[in-house]
Amino acid sequence: MLLPRFDYYEPATLEEALRLLSEMGGNARVIAGGTDLLVRMKLKVEKPGYLISLRKIPGLDAIVRRENHGVTIGPAVTAAELSRNELLLDRFTPIALAAGRLGAPVVRNRATIGGNLVNARPAADLPPACMVLDATLKLKSFSNEREIPVGEFFRGPGQTVIEPNELLVSIFAPIPAPWTGGAYIKLGARKALEISMVNVAVILTLQSPQGPIIDAKIALGAVAPTPVRAFAAEEFLIGRQPSDDVFAQAGVIGVGMCEPITDHRGTMEYRCLMIETLTSRALRQAYEKALTWKP
Amino acid sequence: MKKTIQLTINGQQVQAAVAPNQTLVQFLRDDLGLTGTKHGCGLGDCGACTVILDGRAVNSCLVLAIQADGCDVLTIEGLAEDGNLHPLQQAFVDKGAIQCGFCSPGMILSAKALLDEKPNPTELEIRTAISGNLCRCTGYQKIVEAINEAAEVIRDREES
């Protein structure tokens, strides 16, 4: 399968990349891992005249801890890197787990967090994980810079608020409060190279190991045109003592937030049942993780 | 317009002019004649084109040749030493993990990337490491056994 012709640029600085983007606008695409973009170009879904590579720009592939208040993740950090990062596994668990379920090792070694967010596929692994961690995305153009909460970033399948002259330059997530645990569950027909039938990311914060729940965030993927937060289920959980019964009820409420479709991966009815089951299961896992929290 | 790239392939310095839309697998096969790397689906689904790029197994159909500028590439041709098969290659033969052979280079390179990082992998780690490589003949059991055996051979060799 052949790629259409294009011109290729490898700017050595961020400024140069942003200048190129502002000059070429809609006719250019940014390439990092290429595992989505090159496939779409081979299938002739996209035909950009120019590709701008992030490969030579220093710093975009770094995970940096910000003292005690958060972590900054560069857009060119690979899924493989995210999945084995100790800080992410410990404090930002859903991101590390979701990254470890994306594609297969040969894909994870190239695919990046920036690409997974910007491509905005409804079933993508990392968007729900970033949503429950309250991540903020920094978008930069040659003349401007803005920060967008990840929950306001997605507009529809493949659609985001990013402008053609903007680049996603970093992802920031604040460190969750003490006694927080997180989980990510992906359901597909097989364990690798799979697109989610349903996925769910969860963060649960306890006041102390004895409870009660003081914060909860639930985000679901592949259940609507964009990943969605199950706000009603979150509100239900806050103030309650954690128990299997409470988690099961949250799952039932979570289904109400979703509008899944029927397709070759699963029917609407099956997806609804799975949202319920997986939400309560993810809450239970997050709860168990919260109990192991260490300063 | 073609651009000049410099990279190391199987330990040898290579300099070549490539078109931007040329993938690494096309460059290896068509320009260098290294046809051990197979071109399967071209979409990152089958893993037949797996090579090791800077120590990590990747689908070479989803890497532009130009993106490999300055990188270190290992293909199946670079595994044998002095005419002796690499323990992974030998184990694939011994264990009957090869039938048509089309997936074998990719399987072996994914396995090599695993063993370089984890010399003593569990069965689950082996299965995960080759989860991006599809085989349509043998089933995966013999492949997993071969990788396990090769891991033992390599460990024994390094101890002695």
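Guide: A residue counts as buried if 20 or more other C-beta atoms lie within 10 Å of its own, as exposed if 12 or fewer do, and as partly exposed in between. Keep in mind that this is a predicted model.

A:Ala120 sits in the loop that links helix H7 (113-118) to helix H8 (126-132) of chain A. Its phi is positive, about 55°, although A:Ala120 is not a glycine. Is A:Ala120 buried or exposed? It has 21 C-beta neighbours inside 10 Å, so A:Ala120 counts as buried.

Past H8 there's another residue of this kind. A:Asp134 lies in the loop between H8 and strand E6 (136-140) of chain A, and its phi is near 55°, a positive value in a residue other than glycine. The neighbour count gives another class here: A:Asp134 has 16 C-beta neighbours inside 10 Å and therefore counts as partly exposed.

A glycine joins the positive-phi story too. Helix H5 (residues 93-101) of chain A is followed by A:Gly103, with a positive phi near 55°. H5(A) itself is mostly covered, with eight of its nine residues buried. The buried set runs from A:Thr93, A:Pro94, A:Ile95 and A:Ala96 through A:Leu97, A:Ala98 and A:Ala99, and it also takes in A:Arg101.

A:Pro94 is touched by A:Ile203, which lies in strand E12 (residues 198-206) of chain A. A:Ile203 counts as buried because it has 29 C-beta neighbours inside 10 Å. Leaving aside residues up to four places away in sequence, A:Ile203 also touches A:Val132, A:Leu133, A:Pro176, A:Thr180, A:Gly182, A:Ala216, A:Lys217 and A:Ala286. There is a C-alpha distance to go with that: A:Ile203 and A:Ala183 are 20 residues apart along the chain, and their C-alpha atoms are separated by 6.7 Å.

The bond from A:Gly211 to A:Pro212 is cis, with omega near -10°. A:Pro212 belongs to the loop between E12 and strand E13 (213-221) of chain A.

Further along comes a helix pair. The axes of helix H10 (residues 244-255) and helix H11 (residues 268-291) of chain A come within 8 Å and cross at roughly 140°. That angle makes H10(A) oblique to H11(A), and their crossing is right-handed. On the H10(A) side, the contact is made by A:Asp244, A:Phe247, A:Ala248, A:Ala250, A:Gly251, A:Val252, A:Gly254 and A:Val255. H11(A) answers with A:Cys272, A:Ile275, A:Glu276, A:Thr277, A:Thr279, A:Ser280, A:Leu283 and A:Arg284. By class, the residues of this contact are eight nonpolar, five polar and three charged.

Now zoom out to the domains. The assignment for chain A gives domain 1 (7-52), domain 2 (63-174) and domain 3 (181-290). The C-alpha centres of domain 1 and domain 2 of chain A lie 19 Å apart, and 14 residues of domain 1 are in contact with 17 residues of domain 2. Which element gives the most to the domain 1 side of that contact? Helix H1 (residues 14-24) of chain A does, with six residues. That domain 1 side divides into six nonpolar, six polar and two charged residues.

Last stop is the partner chain. The contact takes 24 residues from chain A and 23 residues from chain B. Strand E1 (7-9), helix H2 (37-42) and helix H6 (105-108) of chain A are the elements that give two or more residues to the side touching chain B. By class, that side of chain A has 13 nonpolar, five polar and six charged residues.

Terms used. Residues numbered from 1 in each chain as written. Chains lettered and ligands numbered in written order. Predicted model: local features only at pLDDT ≥ 70, side-chain atom pairs only at ≥ 80, totals over all residues. Contact = placed C-beta atoms within 7 Å. Helix = DSSP H or I, 4+ residues; strand = E, 2+ residues; numbered from the N terminus. Nonpolar A, V, L, I, M, F, W, Y, C, P; charged D, E, K, R; others polar. Axes fitted to C-alpha atoms, helices over the stretch in contact; angles between N-to-C directions. Parallel < 35°, antiparallel > 145°, perpendicular 65-115°, else oblique. Left-handed = near helix turned anticlockwise from the far one by under 90°. Domains from an automatic or database assignment.
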